[in-house]
Amino acid sequence: MPKMHTAVFSKLNKLEDTTLVQLVYVSSMTLGSRFSMTIFEEVESHARNFNQQQGITGTLCYGNGHFLQCIEGEKDKIAALTQRIFADNRHKHVQVLLLQAIKQRSFTDWRMRLLFLERWLWSPAAKKQAAQLSPFLPFAPHHWSAADTEQFLQVIKAFDTPPHINAAGITYNALGNMVRHIAAPHQAFLVVQGFLSVLLAVGLVLLYI
Ligand SMILES: Cc1cc2nc3c(=O)[nH]c(=O)nc-3n(C[C@H](O)[C@H](O)[C@H](O)COP(=O)(O)O)c2cc1C
């Protein structure tokens with residue numbers, strides 16, 4: 001176990017089992033997972049069932065290849081979930097940004113709604129709603145200080161309460177999402193280009209036979 005994680009678990013161990021705790025970590029998705037069709041659905045559906053049973057709330061953000069997750073709940077529940085998440089080989093470079101005892105939760109959502117932090121993939125409406133996120137994008141949270149992290153949580157906390165900000169929903173894998181959003185506005189251009197490419201290929205073949 002990395003030294004930093006040992007320090008995190010020893011800090012957790014010093015707290016009472018029922019203390020309300022907030023833990024925020026960042027990580028990077030592994031290359032293999034970026035090609036996975038189902039990673040977001042798998043994580044979301046696991047979190048939906050497990051976190052509700054365990055009284056764990058929070059939020060999960062993804063952007064630019066990085067995750068940032070905030071989990072809140074009783075210390076023993078958070079410690080057990082953290083062990084499992086940190087051991088998950090779908091992500092790497094796991095680093096804890098914040099670990100603190102709290103009086104009340106910042107998030108009420110145990111479904112661990114995924115917030116997709118890629119501004120260029122958002123609809124114009126989502127961009128407008130999420131203007132406060134600009135200072136945190138492009139999303140590169142590994143070097144954030146505790147103060148940066150607190151500030152970010154303050155901003156996304158608003159997303160957890162209705163009306164929810166409708167950032168692009170994850171229904172595709174990260175790569176598929178990218179392709180879909182690049183291709184969609186340029187469909188006519190791509191069709192014409194595709195047609196011209198076929199003509200060019202046929203022309204070249206005819207020239208050489
Ligand atoms: C970035 C990330 C966040 C995750 N968050 C949660 C979560 O909030 N709740 C949960 O139950 N599993 C979450 N998981 C899944 C766990 O890491 C793990 O796969 C799951 O708890 C099953 O563990 P097991 O195979 O040891 O039973 C997350 C995985 C990743 C990669």
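Guide: Begin with pairing: two strands pair if DSSP finds at least two bridges between them. The model here is predicted. Its open sheet has five strands in the order β4-β1-β3-β2-β5, and the pairing is mixed.

Visitor: Which strands stand at the edges of that sheet?

Guide: β4 and β5 do; each has a single partner strand, so one side of each lacks a neighbour in the sheet. From one strand to the next, the twist averages 15 degrees.

Visitor: In which sense does β2 pair with β3, and in which sense with β5?

Guide: β2 and β3 run antiparallel and are joined by seven bridges. β2 and β5 (residues 114-116) are parallel, with three bridges. Cys 61 can be followed in both directions: it stands opposite Leu 68 in β3, and its bridge partner in β5 is Leu 115. Another pair across the β3 side is Leu 60 opposite Gln 69.

Visitor: How do the side chains of a strand point?

Guide: In a regular strand they alternate between the two faces of the sheet.

Visitor: How many residues lie between the strands in the hairpin of β2 and β3?

Guide: Two residues lie between them, and Asn 64 in this hairpin takes a positive phi near 55 degrees.

Visitor: Why is β2 described as largely enclosed?

Guide: A residue is called buried if 20 or more other C-beta atoms lie within 10 Å of its own. Six of the seven residues of β2 (residues 57-63) are buried, so the rest of the structure largely encloses this strand.

Visitor: Which residues have the most contacts inside the largest nonpolar core?

Guide: That core has 34 residues, and those with the most contacts inside it are Leu 23, Val 24, Tyr 25, Cys 61, Leu 115, Leu 117 and Ile 156. Elements giving two or more residues to this core include β1 (20-29), α3 and α6 (146-157). The largest share, five residues, comes from β1. Leaving aside neighbours within four places in sequence, Leu 23 is in contact with Ile 71, Ile 78, Thr 82, Val 96, Leu 98 and Leu 99.

Visitor: What surrounds the ligand?

Guide: There are 16 residues around the ligand, the closest being Ala 47, Phe 50, Phe 67, Ile 85 and Asp 88. By type, the shell divides into nine nonpolar, four polar and three charged residues.

Visitor: Which element gives the most to that shell?

Guide: α3 does, with five residues. α3 (39-54), β3 (66-74) and α4 (75-86) each supply at least two.

Note on methods: Residues numbered from 1 in each chain as written. Predicted model: local features only at pLDDT ≥ 70, side-chain atom pairs only at ≥ 80, totals over all residues. Near = placed C-beta within 6 Å. Helix = DSSP H or I, 4+ residues; strand = E, 2+ residues; numbered from the N terminus. Nonpolar A, V, L, I, M, F, W, Y, C, P; charged D, E, K, R; others polar. Buried ≥ 20, exposed ≤ 12 C-beta atoms within 10 Å, placed from the backbone. Core = buried A, V, L, I, M, F, W, Y, C linked by C-beta atoms within 7 Å. Contact = placed C-beta atoms within 7 Å. Axes fitted to C-alpha atoms, helices over the stretch in contact; angles between N-to-C directions.
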